[in-house]
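Dear colleague,

Please find the structure below.

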Amino acid sequence: MSAPSSTIDTRETDATRHVSTQPGSRLARRFAALGAENRAALVTYVMAGDPDPVTSGDLLARLPAAGADIIELGMPFSDPMADGVAIQRAGQRALANGQTLARTLEMVRDFRQRDEETPIVLMGYLNPLQRFGEDRFLQAAAEAGVDGLILVDLPPEHGAALTARARDLGLARIPLVAPTTPPERLPALLAQGDGFVYRIAFNGVTGSRRLDIAAELESALGDLKRQSPLPVAVGFGVRDGDTAAAIARVTDAVVVGSALIERLAESGPEGALALTRELADSMRSARIGES
């Protein structure tokens, strides 16, 4: 991805300095509100610029009314190593239609003109940030109204400086924890975490198979919660309301991405919004801790 010619003002402002002590504050408020209802958050993932910038911006604006509690917005990248076919194709469509990191930040800025409370987390890879300029990106993201970052390929051994700068600007660094994460590595991951922990449900790429809810998932989440005060979101493989509701009984948030991307490709924004409503309706009937 080439470095964009951005119109975003990246100068530090009083607003960005003001949030420096509260990384992911919108996320904290949203999880607190849902916790009071004893229900899990629906986290919807969509790719910025897919299938085109106008349609993508419209879908982003309509997701909260359809039931999305938190939005993950993908940053298109040409070599997404952890993404399945659906998300890879979404990124390719977005890039082919001129989506850049600067345009993704502008989408967030436009969203914030209408919605001040729904948290937005940017998810992607380190290379586009480095091309843009890490400090420039972090400041621009904070000013646009981004709440957190999931960087798939940034290990904690190399992420301390970026994490510290992000925290100074009020951006949560959300850690990814896999089933195969060694126990001795987990403290380093969690130490750089804010907002919530993203627990990958199974090994593989996004959207690779339907998730079968098993007792070991609940046990693993219990172990994770004992080590971190952060809410835990489970993703990879959630494709329908029944699966989302089952996971919602054992965790704080459920992430749905590939299924939404596929529905968008097949049926357009109305199809993706219909699936969002189905997921939200199913999850509203589930309460954390219920069998």
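Helices H11 and H12 are oblique to each other, a class left for angles that are not under 35 degrees (roughly parallel), over 145 (roughly antiparallel) or 65 to 115 (roughly perpendicular). H11 covers residues 241–248 and H12 residues 258–284; they pack at an angle of about 40 degrees, and their axes lie 8 Å apart. Helices here are DSSP runs (H or I, at least four residues) numbered from the N terminus; axes are lines fitted to C-alpha atoms over the stretch in contact, with angles from 0 to 180 degrees between N-to-C directions.

This is a predicted model, in which local features need pLDDT of at least 70 and side-chain atom pairs pLDDT 80 or more, while totals for chains, interfaces and linings use all residues. Residues are numbered from 1 along each chain as its sequence is written, and side-chain values use heavy atoms, without hydrogens and water.

The crossing of H11 and H12 is right-handed (the near helix is turned clockwise from the far one by less than a right angle). H11 contributes Gly241, Asp242, Ala244, Ala245 and Ala248 to the contact, and H12 contributes Glu278, Leu279, Ser282 and Met283 (contact means heavy atoms within 4.5 Å).

The second pair is H3 (residues 53–66) and H5 (residues 101–114), which pack at an angle of about 40 degrees with axes 10 Å apart. H3 is therefore oblique to H5. Their crossing is right-handed. On H3 the contact involves Ser56, Gly57, Leu60, Ala61 and Pro64; on H5 it involves Met107, Phe111 and Arg114.

With kind regards

Notes:
Helices (H or I, at least four residues) and strands (E, at least two) are DSSP runs, numbered from the N terminus.
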